[in-house]
Amino acid sequence: PVRVGVPGPAGVAVLARYAAMCGVNASASIWSKYGISIGKLFGTAGPDRFVDRLVSGLTEAHGAVGLHIFPFGGVAQSVEWVEQYRARI
């Protein structure tokens, strides 16, 4: 089985802070590529688009694939996101 790690929903500023702590520096061009402006730093980002793309590309040949959610925005917020995502599919 394969587990794919994804950040749970969290504030964009929180995610940027974790990235910096891990040595990943995002330039302004990368932020703009993903449509993140300074104003959006106060919003929340979730893994919806990433998970949707991951799921759409999987086939039976990939075997069992699960997610490991990193609860950067908090455990309760991550659990709520999982429940909402499951209800959607």
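Predicted model: local features only at pLDDT ≥ 70, side-chain atom pairs only at ≥ 80, totals over all residues.
Residues are numbered from 1 along each chain as its sequence is written, and side-chain values use heavy atoms, with hydrogens and water left out.

Q: What makes up the protein in terms of helices and strands?
A: There are four helices and four strands. Helices (H or I, at least four residues) and strands (E, at least two) are DSSP runs, numbered from the N terminus. Read from the N terminus on, the order is β-β-α-α-β-α-β-α.

Q: Why is Ser78 called buried?
A: Buried means under 20% relative accessible area, exposed over 50%, and partly exposed in between (1.4 Å probe, protein chains only). Ser78 has 5% relative accessibility and therefore counts as buried. Ser78 is a residue of helix H4. Its contacts (heavy atoms within 4.5 Å), leaving aside neighbours within four places in sequence, are Gly8, Pro9, Ile69, Phe70 and Pro71.

Q: Why is Tyr18 called partly exposed?
A: The relative accessible area of Tyr18 is 32%, so Tyr18 is partly exposed. Tyr18 is found in helix H1 (residues 12-21).

Q: What makes Pro9 a buried residue?
A: Pro9 has 7% relative accessibility and so counts as buried. Pro9 sits in the loop between E1 and strand E2 (10-11). Not counting residues up to four places away in sequence, Pro9 touches Thr44, Ala45, Gly46, Pro47, Gly73, Gln77, Ser78 and Trp81. The C-alpha atoms of Pro9 and Glu80 are separated by 9.4 Å, and the two residues are 71 apart along the chain.

Q: How much of the protein counts as buried?
A: The share is 13% of the 89 residues.

Q: Which residues form the largest nonpolar core, and why does the term apply?
A: A nonpolar core is a set of buried Ala, Val, Leu, Ile, Met, Phe, Trp, Tyr and Cys residues joined through side-chain atoms within 4.5 Å. The largest one has six residues, namely Val4, Val6, Val51, Ile69, Trp81 and Tyr85. At least two residues of this core come from each of strand E1 (2-7) and helix H4 (75-88). Trp81 touches Pro9, Pro47, Asp48, Val51 and Ile69, not counting residues up to four places away in sequence.

Q: Why are H3 and H4 called oblique?
A: Two packed helices are described by the angle between their axes and the distance between the axes. Axes are lines fitted to C-alpha atoms, for helices over the stretch in contact, and angles run from 0 to 180 degrees between N-to-C directions. Angles under 35 degrees count as roughly parallel, over 145 as roughly antiparallel, 65 to 115 as roughly perpendicular and the rest as oblique. The axes of helix H3 (residues 48-57) and H4 cross at roughly 45 degrees and come within 12 Å. H3 and H4 are therefore oblique to each other.

Q: Which residues of H3 and H4 meet?
A: From H3, Asp48, Val51, Asp52 and Val55 meet Trp81, Tyr85 and Arg88 of H4.

Q: Where is Gly66, and which residues does Gly66 touch?
A: Gly66 belongs to strand E4 (residues 65-70). Not counting residues up to four places away in sequence, Gly66 touches Val2, Arg3 and Val4.
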